[in-house]
Amino acid sequence: MTSALPMLQVRRLAKRFPPRAGAESPWILADLSFHVCEREFLTMVGPSGAGKSTLLNIIAQVDGASDGEILFRGEAIGSANGRTLNPGWDCQIGYVTQDDNLLPWRTLIDNVTLPLKLQGRYDEAAKKRVVELFCATNLTGFERYYPHELSGGMRKRGSLIRTLAYDPPIILMDEPFSAVDAQTRTQLQQDLLRLWNLGRKTIVFVTHDIAEAIALGDRVLVLSKSPAKVIADHRIDISRPRDLGNVYKLEGFGDIFERVRRDIQ
Amino acid sequence: MKLRTFFDRLIVLLLVIVGWELCSLYFGTIWFSSPWRVLRRLIEEIQNGDLFYQGAYTLKAALYGSLLGGVPGLLLPFALRRHPLTNAILDPYFIGGYGVPKLALAPLFILWFGIDLAPKVALVASIVSFLVFFSTAAGVSAVNSQYVNAARVFGASERDIARHIVWPGAIPYAFAGFRIAAPYAIGAAVVGELISSNRGLGFLIVSGATDFDTTLVFVSLVTLTILVVIINLLVGRCERWLLRWRPPQQGPSLRVAGI
């Protein structure tokens, strides 16, 4: 069930920061275009410092673009015409950042339910949903813990379900698993895929890890070095559900990995 | 606290008392009183209720002044957060006001408010307000912009951000301000009493000194010290409870007055 219209379209997006000390800043993004379909898991891979975070910040409207436009379900949500930003586009766009950004003075459950409470949607159904999410991510029993009392992996899962709990139609993820050890990361990736299978949200997942991009995504976009643009678009035909512990043995993985690696170089 | 530390502290206290005793033996009790006399007089003054009567007056001036100065000092940075232009205009005046030696204002306050509680409260408020204001303002400007962005994305209004992110983040800084301000508050109340009063521990010090009653002066000083220590202890307790979310050994934890 995919609608003809892509969920999110990014057209000829360009960005550079304001001049610094009189000198023009370099372009971070230039002529960057892509689209994501409804319920698609799109991953983007690119070298470090390619402007991946900047791109997601612009889509989430935390930051403005210098040129180009972004369409959400066909409607222009961000362009370079100097309109005031509307971060999250009225809670339609979720954003899981590199840092977990859990508020240290709120317990885990209070962090996860904060968006729902602020949006006035913390009803019985939402409560049930939150309990399910805690359960699905093995966080049950840690509801009353403060973030500093939790491990890095638990905080990541907390920040993930904080966004999933209020159920935005599209979720942006900026290297959410980059700061954890390899073992925890595989677990987190498996959790993410399981959660995605339950709800089938649209996800734009940015990473610098080629294996992660292939293992998770339906489609992998390769970004060039700065100024970033999309230089390749690979469809990943590995069947789901995927066993991420053995992703390297999956059919076609080595082949696609080699192609993406060459694109990046 | 380790038992060893406790005993070592006790030894330091004993050394101070012995040194004091030696001073009073060498220079005479008329100048230095003596630890034993002070202790006896302290118990006496507690028993006849005079110390509580005088202490309560000083404490009242310090407390009212702290509230009168502390509450605006605490709230103003939040009001100014949304008005950077106003903040930029007023900033040099805040710094100038902070620079004025407040104790020098005491005669003016006495002129305006008489010699009752009011001028002491005003003096305390003028000192506490600036200390709390600058400390809280530092906390407000240190707000983590990543938290703010994340909250905006999931639908937080400016009011939500002030309430759920800026306010809790600035609380540790505000507490640091109050902790620094506590001894100054007591001190300012006492100075107000030194200049003109017929009540309070400052009054007790003045009347002791004019009567060559050094024992009474030392009794007042010991009482003031104990008061400040107790206040710091209470503020510390309150802080620990309110900031129980904080990982141990983090954030601005200013240790003042030996607590």
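**Two chains of a predicted model**

Biologist: Where does P241(A) lie?
Modeller: P241(A) is placed in the loop between β10 and α7 (253–264) of chain A. Helices (H or I, at least four residues) and strands (E, at least two) are DSSP runs, numbered from the N terminus. This is a predicted model, in which local features need pLDDT of at least 70 and side-chain atom pairs count only at pLDDT 80 or more, while totals for chains, interfaces and linings use all residues. Residues are numbered from 1 along each chain as its sequence is written, and chains are lettered from A and ligands numbered from 1 in the order in which they are written.

Biologist: Is the peptide bond from R240(A) to P241(A) cis or trans?
Modeller: The bond from R240(A) to P241(A) is cis, and its omega is near -5 degrees. The bond from S226(A) to P227(A) is cis as well, with omega near -5 degrees. P227(A) sits in the loop between β9 (219–223) and β10 (230–235) of chain A. In general, most peptide bonds are trans.

Biologist: What is L193(A) in contact with, leaving aside neighbours within four places in sequence?
Modeller: With those neighbours set aside, L193(A) contacts L216(A), P241(A) and R242(A). Two residues are in contact if their C-beta atoms, placed from the backbone, lie within 7 Å. L193(A) belongs to helix α5 (residues 182–199) of chain A. The C-alpha atoms of L193(A) and L216(A) are separated by 7.1 Å, and the two residues are 23 apart along the chain.

Biologist: Why does L193(A) count as partly exposed?
Modeller: L193(A) counts as partly exposed because it has 18 C-beta neighbours inside 10 Å. A residue is buried if 20 or more other C-beta atoms lie within 10 Å of its own, exposed if 12 or fewer, and partly exposed in between, with C-beta atoms placed from the backbone.

Biologist: Changing topic, which residue has a phi near 60 degrees?
Modeller: N138(A) does, a positive value in a residue other than glycine. N138(A) is in the loop between α3 (124–136) and α4 (152–165) of chain A. N138(A) is partly exposed because 13 other C-beta atoms lie within 10 Å.

Biologist: And what is the phi of F212(B)?
Modeller: The phi of F212(B) is near 55 degrees, again positive in a residue other than glycine. F212(B) lies in the loop between α10 and α11 of chain B. F212(B) has 11 C-beta neighbours inside 10 Å, so it counts as exposed.

Biologist: Which residues of α10 in chain B are buried?
Modeller: In helix α10 (residues 201–210) of chain B, the buried residues are L201(B), G202(B), F203(B), L204(B), I205(B) and G208(B). Their cover includes α4 (50–81), α9 and α11 (214–242) of chain B.

Biologist: Where in α9(B) does the kink lie?
Modeller: A kink of about 40 degrees lies at W167(B), shortly before the proline P168(B). The bend at a residue is the angle between axes fitted to the seven residues ending there and the seven starting there.

Biologist: How many helices and strands does chain B have?
Modeller: Chain B comes to eleven helices and zero strands. Of its 259 residues, 36% are buried. Its C-alpha atoms fill a box of roughly 70 × 55 × 30 Å along the principal axes.
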